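Open your viewer and get your selection tool ready.

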Amino acid sequence: FTPKSLLGKRVLITAGPTSEPIDPVRVLTNRSSGKTGYAIALAAKQAGAEVSLISGPTALPCPYGVNRVQVQTAQQMFDQVMLVAKHSDVFISVAAVADWHVVNAQTNKIKKTEQASDAPLLEFAANPDILATVAALPQGPWCVGFAAETENLSQYAHEKRVRKNIPMLIGNLAHEVMDTDHTTVAIFDEQGEHALPSGNKAQVAELIVQAIADRLPTP
Ligand code: C5P
């Protein structure tokens, strides 16, 4: 890990899940602790970057020296990212963004009745794809995506990188990394797949930050 390898770079990171309301007391969310995104934010800061972290709900403290904005929904995350993305050199999209929100969310708590047949029906609409939108910005930041898969990691990660039109994607197997401090990832880029050594999320975050610094085009 070369100190100051991101010196002067403005790095924008999303982390954690998003949370989509059903009513004031119920939400739909993704399983994500935020640990990987927060570890990358800290590693980028230690590498000399100016770091903005747009975070969904997590139990984690803000990494020292990082500028954090907390959001709930995917739409709020999208809005905050779009405010900062144009002024960023690098965008690392770690968040597990909910793919849909509930269109018929209620402003008051949905009451349970004795009738099982009264169970509510939820109606969904797609959330914006934050990473794909940033990747399509003219003169936008250099984009890094994440893919947590349960099978066919190499194939899906490669396809996702090409589909989102981004230079680098980090892939992992969801069941190996969820709810743990340990992680195993591989980097996917134009050259193919590169396995990184396993380690705790702080160690792997440093390797990821170094890999990004090594690939960033020189101005
Ligand atoms: O296949 P999927 O679209 O979920 O790809 C995952 C990658 O896309 C991750 O980097 C994730 O942060 C990002 N993503 C996003 N906005 C979405 C869905 C996924 O930025 N609505």
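Start by selecting P128: this residue sits in the loop between β8 (124-126) and α3. Helices (H or I, at least four residues) and strands (E, at least two) are DSSP runs, numbered from the N terminus. P128 counts as partly exposed because it has 15 C-beta neighbours inside 10 Å (20 or more would be buried, 12 or fewer exposed, with C-beta atoms placed from the backbone). Now show A74, Q75, F78 and T133, which P128 touches when residues up to four places away in sequence are not counted; contact is C-beta atoms, placed from the backbone, within 7 Å.

A word on the model: it is predicted, with local features needing pLDDT of at least 70 and side-chain atom pairs pLDDT 80 or more, while totals for chains, interfaces and linings use all residues. Numbering runs from 1 along each chain as its sequence is written.

Next, select F146, in strand β9. F146 is buried, because 23 C-beta neighbours lie inside 10 Å. Leaving aside neighbours within four places in sequence, its contacts are S93, V94, L169 and I170.

Both stops belong to the UniProt "binding site" feature (unreviewed entry), which also includes D99, K109 and K164; such annotations may be inferred rather than shown by experiment. The annotated positions span 66 residues in sequence and the farthest two C-alpha atoms are 38.1 Å apart, so they do not all gather at one spot.

Terms used: Contact = placed C-beta atoms within 7 Å.
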